Amino acid sequence: MEHAPELVVVVDDDEAVRRALTFSLQLEGLEVEAYESGDHLLTSIRPDIGCLVVDFRMPGMDGITLIERLREIGREPPAILIASKLDPSLQARATAAGIDLVLEKPLEDAALIDGIKAALARPRAVSGTILREGA
C-alpha cells in the first residue's frame with residue numbers, strides 16, 4: 001500500500017540553517033516546510049506533520065517548549081531536537097518532553113536524515129534517544 005510522503009517541518013531562527021536543512025532534506029525526496037519560530041508554526045500548523053526538526057535555542061520560545069505546546073494541543077509527531085551543546089539538564093528536559101532524538105551541532109546530514117527516515121517509518125516509539133555527533 002503506497003501513501004503520500006509525510007511532511008518534515010523544520011523550525012530554526014537562523015535563515016541559513018533553515019535553507020540548508022530544507023535543501024538537504026529535499027534532496028532526499030522529503031517534503032519540507034520551514035518556519036523561523038515556534039510561534040509561526042503554531043499559528044499555521046498542518047495536520048500532516050510526519051516529523052519535526054527543531055532547534056533548541058531560538059528567541060522567544062525554545063525548541064522544547066514548542067514540542068510541549070504541541071503536545072498540549074494533542075499534536076505528537078516524532079520530534080528531533082538540534083542543540084549546540086548537550087548537558088544533563090537539557091537531555092532530561094528533552095526526554096521528559098517526549099523528544100525522539102537529540103542531535104548535537106555540528107550536524108552530520110546522514111545522522112539527521114537517518115533519524116528522520118526512522119521516525120517516518122515507525123509508529124510513535126519510545127522517546128529519549130540522545131546522539132552526540134562524532135561520538
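The largest nonpolar core of this predicted model has 24 residues, and those with the most contacts inside it are Val 9, Val 11, Leu 41, Leu 52, Ile 64, Leu 81 and Ile 99. A nonpolar core is here a set of buried Ala, Val, Leu, Ile, Met, Phe, Trp, Tyr and Cys residues joined through side-chain atoms within 4.5 Å. Buried means under 20% relative accessible area, exposed over 50%, and partly exposed in between, computed with a 1.4 Å probe on protein chains only. Two or more residues each are given to this core by strand 1 (7–11), strand 3 (49–55), helix 3 (63–72), strand 4 (79–83) and helix 4. Helix 3 supplies the largest share, four residues. A second, separate core of 17 residues includes Leu 21, Leu 25, Ile 80 and Ile 82. In soluble globular proteins, nonpolar side chains tend to be buried together.

Residues are numbered from 1 along each chain as its sequence is written. Because the model is predicted, local features need pLDDT of at least 70 and side-chain atom pairs count only at pLDDT 80 or more, while totals for chains, interfaces and linings use all residues; side-chain values use heavy atoms, with hydrogens and water left out.

Secondary structure comes to five helices and six strands, in the sequence pattern β-α-β-α-β-α-β-α-β-α-β. Helices (H or I, at least four residues) and strands (E, at least two) are DSSP runs numbered from the N terminus. Strand 4 has five of its five residues buried. On one side lie Ala 79, Leu 81 and Ala 83, and on the other Ile 80 and Ile 82, so that both faces are covered. Strand 4 pairs with strand 3 in the parallel sense over four bridges, pairing being assigned if DSSP finds at least two bridges between two strands. Leu 52 has Ala 79 in strand 4 as its bridge partner.

| Residue | Residues in contact (cut-off 4.5 Å) |
|---|---|
| Val 9 | Glu 33, Tyr 35, Leu 41, Ile 49, Cys 51, Leu 52 and Val 53 |
| Ala 94 | Ile 64, Leu 81, Ile 99 and Val 102 |

Ala 94 belongs to helix 4 (residues 88–96) and is buried, with a relative accessible area of 1%.

Glu 104 lies in strand 5 (residues 101–104). Glu 104 is also buried, at 14% relative accessible area, and its side chain reaches the backbone nitrogen of Leu 86 at 3.1 Å. Pro 106 is placed in the loop between strand 5 and helix 5 (109–121).

Across the protein, buried residues make up 44% of the 135 residues. Of the contacts with a separation of 6 or more, 67% join residues 24 or more positions apart. The accessible surface, from the Shrake-Rupley method with a 1.4 Å probe, comes to about 7,100 Å², of which 53% belongs to carbon and sulfur atoms.

The mean pLDDT, the predictor's confidence in each residue from 0 to 100, is 87, and 87% of the residues reach 70 or more. Over residues 124–135, pLDDT stays under 50, and the model has 38 contacts beyond four places in sequence for this stretch. Where pLDDT is low, the predicted coordinates should not be read in detail.

Methods: Contact means heavy atoms within 4.5 Å. A polar contact is a pair of N or O atoms within 3.5 Å; within protein, one must be able to donate a hydrogen and the other to accept it, and residues adjacent in sequence count only if both atoms are side-chain atoms.
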